[in-house]
Structures are given as structure tokens and as C-alpha cells.
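Morning, everyone. Please have a look at it first.

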Amino acid sequence: MSGDEVRAARLLHLGVEGLSKGAARSLPLVQTSTFHLPGDPAGVPGYGRMNNPTWEATEKALALLEDAPTRLFPSGMAAIAAALFATLKAGDRLLLPSDGYYTTRLLAEDFLAPFGVTVETRGSATFAEGGFDGFAVVFIETPSNPGLDVIDLAATCAAVRASGGVSIVDNTTMTALGQRPLDLGADIVVASDTKAPAGHSDVLAGHVASRDPALIDRMTLWRKLSGPIPGPQEAWLLHRSLETLEVRFERMCASAHVIAERLAAHSAVANLRYPGLPTDPGHPVARRQMTTGGFLIGFDLADEATAEAFLADCPLIDPTTSFGGTHSSAERRARWGDAVAPGFLRLSIGLEPVEVLWTAIDAALAR
Ligand SMILES: *Cc1c(COP(=O)(O)O)cnc(C)c1O
């Protein structure tokens with residue numbers, strides 16, 4: 001029985017403690033901006049930018065999965081912005097992966113740099129070499145999106161701490177069920193819950209988690225003062241989705257492993273990346289820090305036209321950006337300017353029964 005299993009089971013029974021006889025079993029959707037508040041306002045919900053019982057329940061569920069205090073945000077980027085603005089000040093140096101989620105780099109270059117933060121980037125593969133002296137914050141993403149390079153979290157977070165910096169780990173591609181950065185020494189975890197946690201391609205959300213009370217307080221203050229609070233409806237949908245995350249994640253990752261093995265052996269496919277395969281350069285570290293290889297697969301087809309034709313020909317792969325939904329999806333990341341080959345596809349495996357999915361992929365590759 002793993003800790004993940006125990007947390008997944010407890011998640012399904014959260015919120016029952018305080019119920020009175022005859023109360024609704026499901027989470028109430030409290031759609032309000034303000035609360036009845038005569039007299040002394042201490043200790044009760046006051047205003048929707050500070051409290052809302054629905055998003056607080058969703059935070060509680062995420063906090064259970066993270067095993068750490070957690071704050072919910074209306075998108076992954078809002079969570080990342082909170083972590084960066086809460087930890088950086090003028091004169092600081094920030095290190096970002098050059099091959100991670102590109103919007104994080106744009107945010108830093110367009111908004112942190114003009115306020116006097118020096119933004120530097122480096123390939124994920126070089127993080128193992130250390131060299132973090134003088135960085136106030138080191139931002140880590142593993143497996144990286146879209147290249148799926150794996151960074152050793154325990155070693156990197158320890159090296160950042162030894163240099164006096166704060167480590168922020170973007171755990172979007174694995175979720176708290178697949179990888180536990182806080183257990184491996186990270187100061188802050190950030191994640192886009194738009195992906196597998198919400199999982200139905202209908203909600204944007206994100207969260208931060210940290211076991212350092214000063215850091216959580218600072219990110220909470222950022223949210224309260226700058227205003228990126230989740231809507232109750234979105235929080236309610238995420239809360240509902242979290243109840244099935246464990247079964248969805250298990251199916252997605254198990255299917256991804258099967259599909260990755262078969263794609264790796266296919267003559268039309270080159271440079272396949274899936275950290276769950278023993279042949280992947282990230283596998284030795286992935287085995288230590290990830291519970292599965294994940295549900296994302298990266299690979300090259302011959303060129304742009306071949307990759308676009310594959311997407312057009314495979315009815316069980318949605319051509320969408322984003323990932324982690326119930327349906328399998330893929331995209332040619334070079335269309336956004338990512339530093340990948342023109343025929344590179346990032347494939348996100350969904351919930352389709354795996355043999356049906358493989359038959360569709362195999363047929364589209366043959367055309
Ligand atoms: C999608 C994504 C984000 C941003 O999340 P949004 O919910 O779209 O704001 C951040 N990091 C990674 C790794 C992502 O894949």
C-alpha cells in the first residue's frame with residue numbers, strides 16, 4: 001500500500017466530517033462575492049477575494065495530495081506568477097530551463113526583467129552539473145514540456161538549497177500522484193491543474209504548495225492583494241475531477257507505456273522520448289523519482305507535412321494544444337516556436353482502451 005494510494009482513498013472521503021444529518025453529500029457550490037458580515041469580521045468568511053468555501057474545499061483536496069499547505073489559482077500561469085513574484089525582488093537572479101514551458105520564460109522576460117530581476121536560462125540536461133551560486137530562485141520542470149528531459153530533483157533541490165536559493169518545481173506533467181517534489185526537497189511546487197487534475201478540457205486552474213510557512217504566507221498575500229482567485233464554479237469542477245484523478249492517471253500512464261514501446265519499435269518514428277522506457281536517457285533518474293513514466297510521449301516523424309498528415313488521419317487523437325484530457329491529443333510543438341524538430345509531436349494519452357487507440361495510431365502511421 002503506497003502513500004499515494006492512501007491519499008487517493010482519503011480524498012474520496014474528505015468533507016464528510018462536518019456534515020449534519022440530512023446535509024448534501026456533495027460539495028456545495030457557493031457562488032457569492034460577499035458574506036453576511038455584521039460586527040467583528042474576524043474568523044469568518046468576509047469577501048470573495050479572501051475566502052470562498054468551495055475553493056477552500058478544493059484546496060483541501062489538493063493539500064491532501066501534496067501533503068502540504070496549498071493555494072488554488074485560476075490557471076497554472078497564475079500559480080507560477082504567484083511563486084515568482086512572492087520570491088523575487090529587484091537585483092535577484094532567476095534561473096529558468098530554456099526547454100521548459102515557454103510561457104514561464106515570457107512572463108519572466110516581459111515582467112520580471114523590467115523590474116530588475118536578471119533572468120537566465122539553461123538547458124534542463126545541464127541542471128545536473130549544479131552551478132546555482134548567486135541565484136535567488138531556480139525554477140525546475142521535470143519531465144520538461146515538451147522535450148521530456150528528466151532532472152534529478154533530490155540532487156538539484158539540495159544543490160539549490162546549499163547555494164542559498166529557493167527551488168520552485170513545476171510538477172504539471174506528473175501531478176502529485178506521479179512525482180513528489182516536496183518530499184524530494186523542493187521549496188515550492190507549482191502545477192497547472194488545467195491538465196490531468198481537471199482532466200476534461202473544460203476548466204483552467206493551478207495551484208502552489210509549500211511546507212515553508214513563510215513562503216505559503218507570501219503567496220497567499222500575493223493572491224489576496226493582486227487578485228488572481230479561482231471562480232467557485234471552476235473550483236467545484238476541479239474538486240469533482242480530483243476524485244477520479246487516480247483512476248484516470250493510472251489508465252493514461254499504463255496505456256502510454258504500451259504505446260511508447262510500440263512507437264519506439266515503429267520504422268516511421270525517430271527520437272522517441274518516454275521516461276518510462278529503459279532505453280530513455282531520463283530513465284535511471286525517472287525510476288528513482290517518478291511512480292510511472294507518465295502519460296506524455298515525444299517523438300519525431302519525418303517532417304512537418306508527415307506530422308500534420310498523421311494528426312489529420314488519426315481519428316482518436318485530437319489536434320489540440322494542452323494535454324492530460326480524457327481524450328488522447330497531440331500537437332506539433334514547432335508551430336509555437338518550441339526548439340524541437342518540425343516533425344516533433346507531443347502525444348498525450350487519454351482514456352481510450354489501449355488496443356483500440358493503438359490500432360488507430362498504427363493505421364494513421366501506415367498512411
Ligand atoms: C500548461 C502548463 C502551464 C500553464 O498552465 P495554464 O493552466 O495553461 O496556465 C505551466 N507549466 C506547464 C508545464 C504546463 O504544461
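Start with the open sheet, which has five strands in the order β8-β9-β12-β11-β10, with mixed pairing. Keep in mind throughout that this is a predicted model. For those new to sheets, strands pair through backbone hydrogen bonds, and the pairing is either parallel or antiparallel.

Which strands stand at the edges of this sheet? They are β8, residues 270-273, and β10, residues 318-319. Each has a single partner strand, so one side of each is left without a neighbour in the sheet. For β10, we can look at the pairing with β11, residues 329-332: the two strands run in the parallel sense and are joined over two bridges. If you want to find that on screen, look for proline 319, whose bridge partner in β11 is alanine 330.

In the contact, 31 residues come from domain 1 and 32 residues from domain 2.

How much area do domain 1 and domain 2 bury between them? The figure is about 2,500 Å², and 61% of it is on carbon and sulfur atoms. On the domain 1 side, Pro146, Leu148 and Leu177 supply 23% of the area buried against domain 2, more than any other three residues.

There are polar links here as well. Between the two domains we count two salt bridges, and 15 residue pairs are in polar contact. Which elements give two or more residues to the side of domain 1 that touches domain 2? These are α5 (153-162), α6 (175-178) and α8 (232-242). The largest share comes from α6, with three residues. By class, that side of domain 1 has 16 nonpolar, twelve polar and three charged residues.

Last topic, salt bridges. The structure holds 20 of them. In one, glutamate 17 and lysine 60 meet through their side chains, at 3.4 Å from N to O. This pair links distant parts of the chain, 43 residues apart: glutamate 17 is in the loop between α1 (3-11) and α2 (53-66), while lysine 60 is in helix α2. Another salt bridge joins arginine 288 to aspartate 152, where the closest N and O atoms are 2.7 Å apart.

That is all I have. Thank you.

Key:
Residues numbered from 1 in each chain as written. Predicted model: local features only at pLDDT ≥ 70, side-chain atom pairs only at ≥ 80, totals over all residues. Heavy atoms only, no water. Contact = heavy atoms within 4.5 Å. Buried area = accessible area lost by both parts, 1.4 Å probe. Salt bridge = Lys/Arg side-chain N within 4 Å of Asp/Glu carboxyl O. Polar contact = N/O pair within 3.5 Å; in protein donor to acceptor, adjacent residues only side chain to side chain. Helix = DSSP H or I, 4+ residues; strand = E, 2+ residues; numbered from the N terminus. Nonpolar A, V, L, I, M, F, W, Y, C, P; charged D, E, K, R; others polar. Pairing = 2+ DSSP bridges.
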